[in-house]
Amino acid sequence: MKRVRATLGMGVLWAAIGFGVGGVIELLDNLLPGGLAMASRVDMWPQTLAIPGFIGGVLFAIVLMIAARRQRLDELSMPTFAGLGAVAGLALGGIAMAIGAPVMFLGIMTLAGTAAATGLLLVARGPGAYLRKRFGGGDRTRLEP
């Protein structure tokens with residue numbers, strides 16, 4: 001039951017990201033009609049991006065459970081996490097292509113999966129932890145002699 005709840009939670013997080021991106025696109029299209037080339041072709045962007053976001057999040061959680069089941073979240077490297085997001089995006093793009101989406105959708109979903117996974121890991125760890133690990137930084141809690 002814990003894994004099901006975690007999988008659905010990841011789907012909801014990715015759906016929230018899709019909803020937010022869709023809201024920004026919808027807002028820009030309403031403020032600047034015709035300013036975004038393809039934005040006027042879809043009338044309701046938030047739910048248009050939230051639904052595949054949810055499915056992608058569930059796929060990502062499944063990929064994460066399969067590929068990194070013996071590791072904790074803080075043990076995974078950024079490239080590994082991004083790669084798992086890309087695999088989930090490829091899976092989502094493959095499903096979409098099977099039901100009639102154009103081939104371009106495969107690349108878009110792969111990039112979106114990579115970006116969403118990377119962003120979620122940065123938020124989960126906190127930007128300060130990533131920057132300290134990446135660029136070094138001593139332990140500030142100890143006094144140096």
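Biologist: What makes the lining of the largest pocket nonpolar, polar or charged, residue by residue?

Modeller: This is a predicted model. The lining of its largest pocket divides into 18 nonpolar, 6 polar and 1 charged residues. Leu, Ile, Met, Phe and Trp are among the types that count as nonpolar.

Biologist: What is the volume of the largest pocket, and which residues lie closest to its centre?

Modeller: The space in the largest pocket is about 730 Å³. It has 25 lining residues, and W45, L49, F105, I108 and M109 are the closest to the centre. A lining residue has an atom within 4 Å of a pocket point, so these five meet that cut-off.

Biologist: Which elements give two or more residues to that lining?

Modeller: They are α1 (2–31), α2 (45–67), α3 (78–98) and α4 (104–125). α4 gives the most, with 8 residues.

Biologist: How do you know which residues line the second largest pocket?

Modeller: The cut-off is an atom within 4 Å of a pocket point, and therefore 20 residues count as its lining. Nearest the centre of the second largest pocket are A6, M10, L64, M65 and L73. The volume of this pocket is about 500 Å³.

Biologist: Which elements give two or more residues to the lining of the second largest pocket?

Modeller: Those elements are α1, α2 and α4. The largest share, 6 residues, comes from α1.

How values were computed:
Residues numbered from 1 in each chain as written. Predicted model: local features only at pLDDT ≥ 70, side-chain atom pairs only at ≥ 80, totals over all residues. Heavy atoms only, no water. 1 Å grid on protein atoms, 1.4 Å probe; cavity = no way out; pocket = protein on both sides within 12 Å on 5 of 7 lines; lining within 4 Å. Points joined across faces, edges and corners; volume = space filled by probe spheres on them. Helix = DSSP H or I, 4+ residues; strand = E, 2+ residues; numbered from the N terminus.
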